Amino acid sequence: MPFCTSHSSGIGSSDTNLHSLAPKANWLGGKRFASGTSKSEMETWLNGLDIKQSQTADSAKQVGVFDFQTKTVLLNSGYEMPINGLGTYSLHGDVCASSVKSALKNGVRLIDTASAYGNEEEVGQAIREAINEGIIEREDVFVITKIYPGSEMANPEAAIQACLDRLDIDYVDMMLLHHPDRNDVKAYKAIEQFVRDGKIRSIGLSNWYVEELESFLPQVTITPALVQNEIHPYYQENDVIPFIQEKGIVVQGWYPLGGRGHTAELLNDNTISCIARMHGVSSAQVILRWNLQKGVVVIPGSSNPDHIKENTELYHFILTDNEMNRINALDRNEKHDWY
Ligand code: NAP
């Protein structure tokens, strides 16, 4: 229910204009309050509307707390982000476009790409096609992209605009700095300006750890909404995750299945396979669910429609404390990539 105040005029045509922008909304009558209206007058009006608890639940949502009903998390930027998505690293051309399409058809609403992946055009094309085919509306999907160190961060405005142009989906839900760089503060401030201009909604960082965050955060205005780092059962970052989460910043894990070349060992891990059998699910689902229960958003990469679908089916089983602890015990500080 939109709420408006005005200087002196009435609600005018806002009612009909807003309604057409939110066609799925259950529309209730609005009211204009004069300046100086007391809190109790507004409460009396609100209470008289008989709004059910479920309709007001949003206001009770806490930043960073996963909602397993809606499968989303509220970011410190005020936007909601799905907690499971599709990663598109190493997917190109038709394979990338059809993987994104397949994900969208299977209900995935979070897509992770990057300038460095060289596939933003395909990702954007798949999203536009899905919109044209009525599978989604633009607002339904949350798209993350990233700008890269070196020349991109040295000329951030051009690099950011190039991402927007290649994706061509009106706005970007979140832009990350892909890695720390000597120009990272300058690049971040450039993204902040795109946020103010309404072309980007939220900002985040990738491959930032405790020391890097401690020196970076005091230098920027908008607190990052997300940090995306390597996280899987063999590399758990148990010291870094709480440090980030305590700041109201959401953590997202890359290489959740260990990354290409390492997935077989993780998926065949005895502990994980045994837990998977107990729940009648796959090892991949156990690893993804373990992440979610730790408050870590997952973006597994896949070009296999069956895997893409399987990776969305994470909400019909719960890992016990004992099972979580057994997976926690698998940590061997084994990073699968250099950054
Ligand atoms: P990953 O998700 O750990 O593993 C992908 C591999 O797992 C693919 O070979 C895929 O094969 C397989 N797979 C996926 N679902 C499966 C399932 N249900 N059962 C069996 N195998 C399955 O690695 P990733 O894609 O490289 O990483 C995830 C995402 O993180 C990337 O796509 C990217 O968006 C992001 N990322 C970010 C950074 C960074 O620096 N910020 C770095 C790396 C990655 P199939 O295609 O056959 O399913």
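Visitor: In this predicted model, how far is an oxygen atom of the ligand from a polar backbone atom of T88?

Guide: A polar contact is read from a pair of N or O atoms within 3.5 Å, and here an oxygen atom of the ligand lies 3.2 Å from a polar backbone atom of T88.

Visitor: How much of the ligand's accessible area does the protein cover?

Guide: On its own the ligand has 900 Å² of accessible area, and the protein covers 91% of this. The space that the ligand takes is the second largest pocket.

Visitor: Which residues around the ligand come nearest, and which helices each supply at least two residues of the shell?

Guide: There are 30 residues around the ligand, and those that come nearest are D112, S206, Q228, S302 and H307. Helices α11 (263-267) and α14 (305-310) each supply at least two residues of the shell, which by class has 11 nonpolar, 15 polar and 4 charged residues.

Visitor: Turning to the sheets, what is the strand order in the open sheet of 8 strands, and is its pairing parallel or antiparallel?

Guide: Strands of a sheet pair through backbone hydrogen bonds, either parallel or antiparallel. In the sheet of 8 strands the order is β4-β5-β6-β7-β8-β9-β10-β11, and the pairing is parallel. At the edges stand β4 (86-87) and β11 (296-298), each of which has a single partner strand, so one side of each is left without a neighbour in the sheet. As an example of a pair, β9 (residues 226-230) and β10 (residues 250-254) run in the parallel sense over 5 bridges, and L226 has V250 in β10 as its bridge partner.

Conventions:
Residues numbered from 1 in each chain as written. Predicted model: local features only at pLDDT ≥ 70, side-chain atom pairs only at ≥ 80, totals over all residues. Heavy atoms only, no water. Near = heavy atom within 4 Å. Polar contact = N/O pair within 3.5 Å; in protein donor to acceptor, adjacent residues only side chain to side chain. Areas by Shrake-Rupley, 256 points an atom, 1.4 Å probe, with all protein chains shown as cover. 1 Å grid on protein atoms, 1.4 Å probe; cavity = no way out; pocket = protein on both sides within 12 Å on 5 of 7 lines; lining within 4 Å. Sits in = over half its atoms within 2 Å of the grid points. Helix = DSSP H or I, 4+ residues; strand = E, 2+ residues; numbered from the N terminus. Nonpolar A, V, L, I, M, F, W, Y, C, P; charged D, E, K, R; others polar. Pairing = 2+ DSSP bridges.
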